[in-house]
Amino acid sequence: MKPAHLLLALAAALLASCTPAVTPAAPAVPTAALTPAPRLTPSPAPSPTPALEPTPWAAADRPRYILDVEIDYPAAQLAVSQTLIFTNPSPTTLHQLPLVVAARWVDAFELHALRINGQPSEGYAFAQGVMTIALPEALASAAALHLELDYTLTLPSAPGVLSVSPRQLHLANWYPYLPPYDSEAGWLIHPPGLVGEHLVFDPADFEVTLRTADPTLVLMAPGVASALPDGAHYSLLNARAFIWSVGPEFVRLETLAGDTPVRAYVYPEHTAAGEAALQAVAGSLTLYAELFGPYHYDSLTFVEASFADGLESDAFFFLDRNYFATYDGTVRNYLTAIAVHETAHQWWYSQVGNNPALEPWLDEALCTFSELLFYERLHPSQVEWWWQFRIDRFNLEGAVDRSIYDQAEFLPYVKAVYFRGTRFLNDVRKLTGERALLAALRDYAEQYNGQLATAEDFFAILAEHSPADLTNLRAYYFKTAP
Ligand SMILES: [Zn+2]
């Protein structure tokens, strides 16, 4: 997730375990009344794109989150009404249910009310960032449940993906969410490590309304937007998370990657760097769609952020202000490399999910390798620079397939997982040939679209496209023998 580099390694290490905040309460509506989600009047404000037809509740095969957020910007506080509708994903009858509340880790979350199928309930407990809800009635496999939560988020000022800074609010991991259910491992809930990302997500549908009394604030969020008198509504379907930002002083830049709008929101003093990043993101989005298969959202938005490195999300990512501040007018810098890295996460994270706590290399090495593909195709004269700047100047060691719990320091973790992982994929390419590797990546993106893949899934698809024997390579780079 976070592409890291030497200078920011320490700060990033501090951030890696932070997962912040959430939103306020939603109207208590019986499930039946929700059938077609309310249609908002499309308006010119955040986006000209027309609203998507909402999925009827009864037909939803993904969890559905309806989040109504009242923003108190001066107080760095959000009042959130959340509705979560889903069906029991486990094969067994449930008597209790876990929600992951990452905002608890940074003391940002205060719950005011819980309603289960419309009935108020106090049958819940928090422990280790998990809210365990006692269900008043047993929930059979595949049966639907309707939860409502009213809560306040008070954002911490310590840098992080859920935080307030002098320039903006960063809203990642802000709402309680239903973790994926694995038939063997059960609920996929992992504690934070000292490095890396630990949250695992299945795709869901999001309807998010952001309201503010201050019309000068700039709302920055993914999905199809419709303006409201006091804010905007966003519809983001088939996404693993909904991440956003808001601040008073942002310049909005926009271009097209094919037919797909790409938007950047940057600080006014970084407009030129923002334009450069926008072009790199648009170029990489087009390239990756050609190489890996179609991009699955209607737009891509990225936002300058006041925390280290960046953070990918669906149709959205944050990018560190330091990359904009140090932009040198060329493509030989972190701004370009990390911008296209985060763009690659649209395929390796958003489309094909994986368990970032246990197998972080699977998306991170692929995204770093995707940086290389970008330079090879679009800036071939800079490939040698890229290898030196991103990979070779570091003394690389350590197993590529470590978990986030195998490492206490950020830089050694990144060197093993991201950088050595990239060397591994490059060596795989030498063995299989690029044609076979790219065919395998397209197949992997298609077959695991919307799912969680494992390293063995990846290798199984690779084996279908190439007879190359990877035994020695895996023995050299990995701790786990094939
Ligand atoms: Zn990454």
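Residues are classed here as buried when under 20% relative accessible area, exposed when over 50%, and partly exposed in between, using a 1.4 Å probe and protein chains only. At 29% relative accessibility, aspartate 230 therefore counts as partly exposed. The structure is a predicted model, in which local features need pLDDT of at least 70 and side-chain atom pairs count only at pLDDT 80 or more, while totals for chains, interfaces and linings use all residues. Residues are numbered from 1 along each chain as its sequence is written, and side-chain values use heavy atoms, with hydrogens and water left out.

The protein has 10 helices and 24 strands, where helices (H or I, at least four residues) and strands (E, at least two) are DSSP runs numbered from the N terminus. Of its 482 residues, 62% are buried. Contact is taken as heavy atoms within 4.5 Å. Among the contacts with a separation of 6 or more, 73% are between residues 24 or more positions apart.

We turn next to salt bridges. Side chains of opposite charge can pair when their charged atoms come close. With a salt bridge defined as a side-chain nitrogen of Lys or Arg within 4 Å of a carboxyl oxygen of Asp or Glu, a search of the whole structure finds 19 of them. One of these joins the side chains of aspartate 150 and arginine 115, at 3.2 Å from N to O. This pair links distant parts of the chain, since aspartate 150 belongs to strand S8 (residues 144-154) and arginine 115 to strand S4 (residues 109-116), 35 residues apart. Both partners are buried: aspartate 150 has a relative accessible area of 14%, and arginine 115 has one of 12%.

Aspartate 230 also takes part in a salt bridge, with arginine 211 as its partner and the closest N and O atoms 3.4 Å apart. Here too, distant parts of the chain are linked: aspartate 230 sits in the loop between strand S15 (224-228) and strand S16 (231-239), and arginine 211 lies in strand S13 (residues 204-212), 19 residues apart. Arginine 211 is partly exposed, with a relative accessible area of 23%.

A further salt bridge brings together the side chains of glutamate 376 and arginine 377, at 4.0 Å from N to O. Glutamate 376 is partly exposed at 22% relative accessibility, and arginine 377 is partly exposed at 31%.

Two packed helices are described by the angle between their axes and the distance between the axes. Axes are lines fitted to C-alpha atoms, for helices over the stretch in contact, and angles run from 0 to 180 degrees between N-to-C directions. Helix H8 (residues 434-447) packs against helix H9 (residues 455-465) at an angle of about 135 degrees, with the axes 9 Å apart. H8 is therefore oblique to H9, given that angles under 35 degrees count as roughly parallel, over 145 as roughly antiparallel, 65 to 115 as roughly perpendicular and the rest as oblique. From H8, the contact draws on residues including Ala436, Leu437 and Tyr444, while H9 contributes Phe458 and Ile461, among others.

Finally, lysine 430 lies in helix H7 (residues 410-432) and is exposed, with a relative accessible area of 64%. The C-alpha atoms of lysine 430 and alanine 468 are separated by 9.8 Å, with the two residues 38 apart along the chain.
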